[in-house]
Amino acid sequence: MEERRNKSAIVANIIAIIAMIFLLALSARSVSANTERSYGGDYSRYQPNLYNNTGRDQFAISQIGGSENGYIYNQSTYSSHAQQARQRGWRFHTYIWDETGSNTAQTDAMLNYFIPRLEQPKGAIVALDYESGATYNVEANTDNILYGMRKIRDAGYTPVLYSYKPYLMAHVDVNRVIAEFPNSLWVAGYQPGLSTMPNYNYFPSMSGVAMWQYSDYGGQQDMNVDLTGITFNGYTQNKQQQQPTKPATTPVQQPSQNSNTGYYTVQSGDSFWSIAQKYNMNMYTLAASNGLNINAFIYPGQRLKVNTGNGSQAQRRYTVRAGDSFWAIGQRFGESMCAIAAKNNMSINSVIYPGQVLNV
């Protein structure tokens, strides 16, 4: 009888251990299983060119400059990064070196200087890089950070707080930040080795993380994964967002004589980015062809000129070579990687292989 009880206890313990392992694996999958996540690098003057590190990068975050105890400086590579991102069809965002400690006056001056100089659409990310200069007063540091994030929000952009976990835990009341700005943290925590894809065993677990900077690739280039879709802000409209009133006078657009050109009627929830994806266009080209920029409002019922691709030009075919990617093929033919994938009824995460024939 005693032996049977012991065996039952052993079996129960084994079942408990298996259940715990299953729950841990399930928890890890909740972080790592999402195949729709976006990847991108963050850049400063040390990286004058944008790199497609993962082969599936879709966004870039560039340093516009910063403030060091009240001294404001620019980064000369910012505009070039913005231009390169536009050429690639990547979503472009900005970060600012924020070494203002608990000084809200310095933060105010810093944002008054940089916000008018942003080269991105409204709604896109403006991140405060808060990893140096904090005071010993956690609440005062947090007050300053929240002041800056509110100012960014009020200017029409998405505020994000960047740092690394130990620094945040030591100097910032993170709970206050994410209570007011849920899922607004961009946290650094580097995995070992030179893999270009994230290893979620090294994820710096904490509440409110929207983006993870998972590698600096041996000190050469920072790589990030968007865990929540925050990098689409500014490039897709919130369907709950109130639509602007239609202008009293709207120019009547005459049908184009170009057989490649048609018109699209804007639907609720549309954005330049989403419309451009439907027609394999660059969103900046779409806006410019309608005499607009990507910060302009569009509204349901508005007609936009689009490239339907129904002209007489013959469709080109390309045979994939070893080492090719959607990005590399797109660069070769002057198209975005999203457009190349869409023309072949694929996504940019689809596998392509040598000998495969693609429409370009």
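These are my notebook entries on a predicted model of one protein.

**Ground rules**

I number residues from 1 along each chain as its sequence is written, and my side-chain values use heavy atoms, with hydrogens and water left out. Since the model is predicted, I took local features at pLDDT of at least 70 and side-chain atom pairs at pLDDT 80 or more, while totals for chains, interfaces and linings use all residues.

**Entry 1: overview**

I looked up the secondary structure and found ten helices and 13 strands. Helices (H or I, at least four residues) and strands (E, at least two) are DSSP runs, numbered from the N terminus. I then looked up burial: 44% of the 360 residues are buried. Buried means under 20% relative accessible area, exposed means over 50%, and partly exposed is in between (1.4 Å probe, protein chains only). I also looked up contacts, meaning heavy atoms within 4.5 Å. Of the contacts with a separation of 6 or more, 67% are between residues 24 or more positions apart.

**Entry 2: a hairpin**

I looked at strands β2 (residues 57-68) and β3 (residues 71-74). They run antiparallel and are joined by four bridges; two strands pair if DSSP finds at least two bridges between them. Glycine 65 has asparagine 74 of β3 as its bridge partner. Two residues lie between the strands of this hairpin, and asparagine 69 has a positive phi near 55°.

I next checked the loop between β1 (38-43) and β2, where serine 44 lies. Serine 44 is buried, at a relative accessible area of 7%. Apart from neighbours within four places in sequence, serine 44 touches Gln63, Gln75, Thr77, His81 and Tyr95.

**Entry 3: nonpolar cores**

Which residues have the most contacts inside the largest nonpolar core? I found Leu161, Leu185, Ile275 and Ile329, in a core of 69 residues. A nonpolar core is a set of buried Ala, Val, Leu, Ile, Met, Phe, Trp, Tyr and Cys residues joined through side-chain atoms within 4.5 Å. A second, separate core has twelve residues, including Ile61, Trp186, Ala188 and Ala210. In soluble globular proteins, nonpolar side chains tend to be buried together.

I listed the contacts of leucine 185, leaving aside neighbours within four places in sequence. Among them are Leu161, Val174, Val177, Ile178 and Met206.

**Entry 4: helix α4**

I looked up helix α4 (residues 138-154). The 17 residues of α4 should span 24 Å at 1.5 Å a residue, and the end C-alpha atoms are 24 Å apart, so the two agree. The expected span is 1.5 Å times one less than the number of residues.

At the N-terminal end, asparagine 137 caps α4, with a side-chain oxygen 3.2 Å from the backbone nitrogen of glutamate 139. After α4 comes glycine 156, which has a positive phi near 100°.

The buried residues of α4 include Asn141, Ile145, Leu146, Met149 and Ile152. Their cover includes α3, β5 (125-129), β6 (158-164), α5 (165-171) and α6.

**Entry 5: salt bridges**

How many salt bridges does a search of the whole structure find? I counted six. A salt bridge is a side-chain nitrogen of Lys or Arg within 4 Å of a carboxyl oxygen of Asp or Glu. Side chains of opposite charge can pair when their charged atoms come close.

I noted aspartate 108 and lysine 151, whose side chains meet at 3.0 Å, N to O. Aspartate 108 is in helix α3 (residues 104-114) and lysine 151 in α4, so this pair ties together parts 43 residues apart in sequence. Lysine 151 is partly exposed, at 22%.

Aspartate 143 and arginine 176 form another salt bridge, with the closest N and O atoms 2.7 Å apart. Aspartate 143 is in α4 and arginine 176 in helix α6 (residues 174-180), so the pair ties together parts 33 residues apart in sequence. Aspartate 143 is partly exposed at 38% relative accessibility, and arginine 176 is partly exposed at 27%.

I also found arginine 153 with glutamate 180, the closest N and O atoms being 3.9 Å apart. Arginine 153 is in α4 and glutamate 180 in α6, 27 residues apart. Relative accessibility is 38% for arginine 153, which counts as partly exposed, and 31% for glutamate 180, also partly exposed. Arg150, Arg153, Asp154 and Glu180 are linked in a network of salt bridges.

Conventions. A polar contact is a pair of N or O atoms within 3.5 Å; within protein, one must be able to donate a hydrogen and the other to accept it, and residues adjacent in sequence count only if both atoms are side-chain atoms.
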